[in-house]
Amino acid sequence: MTSPLIPRNRTRAHELFDLASIGAGLVFADSLGELADALRTGGSAAAAVVQAPPGTGKTTLVPPLLANMAAEAAAGKKPPRVVVTQPRRVAARSAARRLAALDGSRLGDRVGYTVRGERQTGPETLIEFVTPGILLRRLLADPGLGTTDAVILDEVHERGLETDLLLGMLAEVRQLRGDLTLVAMSATLDAPRFAALIGGALGENAGGGPAPIVDCPSVLHPLEVAWAPSAVPRLDERGVTRAFLNHVADTAAAAHFEALSAGLDLDALVFVPGAWEVAHVAARLRGRVDAEVLELHGQVDPAAQDRAVSGRKPGGPARIIVSTALAESSLTVPGVRLVVDSGLSREPRRDSNRGMSGLVTVSCSRASAEQRAGRAARQGPGRVVRCYDQKAFGAAPAHPTPEIAVADLTGAALVLACWGSPGGHGLALPDAPPPAAMDEAVEVLRELGAVEPNGLATDLGKALARVPSDPRLARALLDGAAAVGDRAAAQAVALVSGDQRAPGADLTRLLATLRAGKEPAARRWAEDVRRMETIARQEVSCVVPFPLAAPVTSTEAVGFVVALAFPDRVARRVAGAGPERYLLSSGTRAGLPAGSPLTGHEWLAVAEVSRAQGRDAAGTGALIRSAAPLSPDAAEAAARHLLSETVEARFSQGRVTARRERRLGAIALSSTPVRPSAEEGRAAVARALETQGLGTIGWSTAAGALRRRLALLHRELGDPWPDVAEQALLARVQEWLAPELEALAGGAAMNGIDLADPLRRLLPWPDASRLAELAPEWLEVPSGSRVRIDYPDVDDDGRPVVAVKLQECFGWAETPRLAGGRVPVLFHLLSPARRPLAVTDDLASFWSGPYAQVRAEMRGRYPKHPWPENPWTAPATARIKGRT
């Protein structure tokens, strides 16, 4: 029934929102005029940034303000259309429900929402709340957003990846559509960054300066901050400790009891990092508190989420809501006056070295801690109890890490390729994506066939972008549909894309539970399946028939589709390492959770693996979070591009041996001994030399001595004497060692090779004829004996040493010199019993000085040996002789 104030041919879609009624009691109502003026001043280039703490009412008031302004601008010609993003599905539903209630309209009429698998909108919807992913796909389908008058990006301070992409993409849209109003809303003090970003797209209309910032003061009532640090660590190598979670639960129970005992009728909000922690704390609280305990996280079904954020029913019991960061900023939970904060949060991380990505537990930022605390003082004086100390708070980062800096960027890279900005080039983003992570993501897209050589999306890439899932899963949906059928492929992809955790990491068990309708999320999963099944049928033209040696059975369907999506995570049990340890085709080793139903399966298709320690990781440093069994044939079919068959030749223990190896990535399928070819033998010897050096062949005594002589001449005389250092010899190995290498490659035994003769091939001619003169092997002393010269090591800048009895040097007045007189011999002078007496490289100085003391001490000990007063006057003459 239409209002009598509205013409009969018009409905409530043309009626303005009653901002006074909607904004009653909301602080941001006082800032609406300032925001309206800022947007009107911008004219056709209207854009602004709203900076207001949670609970001020910005999410409730800004959308109807923009709808009214758009309606006025249209002068009744068409109803306005405002799209508002919320970072989480529960926030989108909650915001839409609240605004519809304040407007007095039915949800889905003037105010509605669209989230994955759920939609409440109609032809008269003026304001639609959506998640960022929904708006991203709409932008790719309709880059001009032709039916939209205004876009509001809420909670931009959270720095979600999809919201960051929307900021850059919408800034470009506004360059083409000056009539599109864009408002970014932040709950923290980082608005100038976003104002500069969206203001840069305003062009000449606004001088290219930043967009105006509309600030709203905090509405916090007095807030008491208490510190209750735990005596046990918050984290260990396995994650959050159970003892710390018990401390959080006990702290919450005590604080809530204290408040109720003081006559305060209030609800409490407890923050922990993840769904498992929520369940643990909630279970400990139940039975210990006189209150209703509710859980709030992404895996809870929508009805339970809505119940947790909707406030207490009249006459209902006090409530304690145990939540992840989901309730941190994008939701206001009525009745909460007590917050208990673990100080922990989950953030995405990417381990490119091991090909893993996932969520890790870290200390929450100070900004997050302040927002959590503020939840207690939105509706009256409140209290926050932090289960950590002030030192930990001060050491926390100021703001959350932008998701673009740490997440897997494959999905983002596909969006950018479809948008026409490969890798984000030319797009103004709050932070540029890390080059290495983006390059890795683009490489994945190339392997999927999703991008052209120039980085733009192929037709297949555009089809994959229409699937609301990771591009790898999207490709698996299309390829898997051809192999196992549309429905089975859709079920597997919806299963992996969903929020539910597989019990014991077993996806097949989770699938059976969802099919039976036993999981709270079963209905949403079924809707996802129907939607993806429809997409698979629509995109059938993009499907290439899949080559299969044998049909995939229904029991293998999940594993096969997962393997199609993540062939680098196809895993085989490591023989002899226990039933829980697996090797992935990427080379990563990972363990199964203790007691997993998958334990003992030879092959698995792994959907999720993350870094972990402790017993479950089985000593590998990684844990399989979800997987499905796979047959060997299905594994090879799904990851067929990773199959290889090579002959691996090795040079070891003096011989070249070879084996023919068949591999699936890093997984060895078979290995049989074969005779290596000459080329394979050469390559094996070359690899051994490169990694182990010439020592793998070995230096004989003669070869080592010749090498040290040549090293001395190169050091003292330079060219043409060759450099015989390890790297220099390896660089010229084909010049001097080619025949021997060929012999080794052909199967000759290493013990038949002496490097002395090959080394002589490097001797320079005719200078080689002087080798015996410049660096002799032997030194003939005045006594007539020939004493070996010990040359310094190749890398040693020492001098050649001769160890000889002192009496044999009588008659030498000066020290002999080598290398053309450049290097004196260093004498180790010995007693008649060959015990050390002195070390000198200057015989003249020794004879005239220290010798007298040696003579005095030795004459009595060795009376039968000569000890002349003037040893240099002995009649014998010294001659330097040697051989090459």
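Modeller: Helices α2 and α3 are oblique to each other, a class that covers whatever is not under 35 degrees (roughly parallel), over 145 (roughly antiparallel) or 65 to 115 (roughly perpendicular). The axes of α2 (residues 32-41) and α3 (residues 58-74) cross at roughly 45 degrees and come within 11 Å; axes are lines fitted to C-alpha atoms, for helices over the stretch in contact, and angles run from 0 to 180 degrees between N-to-C directions. The model is predicted, with residues numbered from 1 along each chain as its sequence is written. Local features need pLDDT of at least 70 and side-chain atom pairs pLDDT 80 or more, while totals for chains, interfaces and linings use all residues, and side-chain values use heavy atoms without hydrogens or water. Helices (H or I, at least four residues) and strands (E, at least two) are DSSP runs, numbered from the N terminus.

On the α2 side, the contact (heavy atoms within 4.5 Å) involves L32, L35, A36, L39 and R40, and on the α3 side L61, V62, L65, L66, M69 and E72. Of these residues, nine are nonpolar, two are charged and none is polar; Ala, Val, Leu, Ile, Met, Phe, Trp, Tyr, Cys and Pro count as nonpolar, Asp, Glu, Lys and Arg as charged, and the others, Gly among them, as polar.

A second pair consists of α18 (residues 486-497) and α21 (residues 557-565), whose axes are 9 Å apart at an angle of about 65 degrees. This angle makes α18 roughly perpendicular to α21, and the crossing is right-handed. Helix α18 contributes A488, A489, A492, V493, L495 and V496, and α21 contributes A557, V558, V561 and V562. Ten nonpolar residues make up this contact, with no polar and no charged ones.

Turning to the sheets, six strands in the order β9-β18-β15-β12-β14-β13 form an open sheet with parallel pairing, where two strands pair if DSSP finds at least two bridges between them. Strands β9 (223-227) and β13 (292-296) are at the edges with a single partner strand each, so one side of each has no neighbour in the sheet. From one strand to the next, the twist averages 20 degrees. Strand β12 (residues 267-271) is joined to β14 (residues 319-323) by four bridges, with V270 partnered by V322. Five bridges pair β13 with β14, V293 having I320 as its partner.

Within it, four bridges join β32 (residues 826-830) to β33 in the antiparallel sense, and L829 stands opposite A838.

Finally, the backbone sites. The D719 to P720 peptide bond is cis, with omega near 10 degrees, and P720 is in the loop between α24 (701-717) and α25 (726-731). Another cis bond joins W765 and P766, the latter in the loop between α28 (756-760) and α29 (771-774). E155, although not a glycine, has a positive phi of about 60 degrees.

Conventions
Left-handed = near helix turned anticlockwise from the far one by under 90°.
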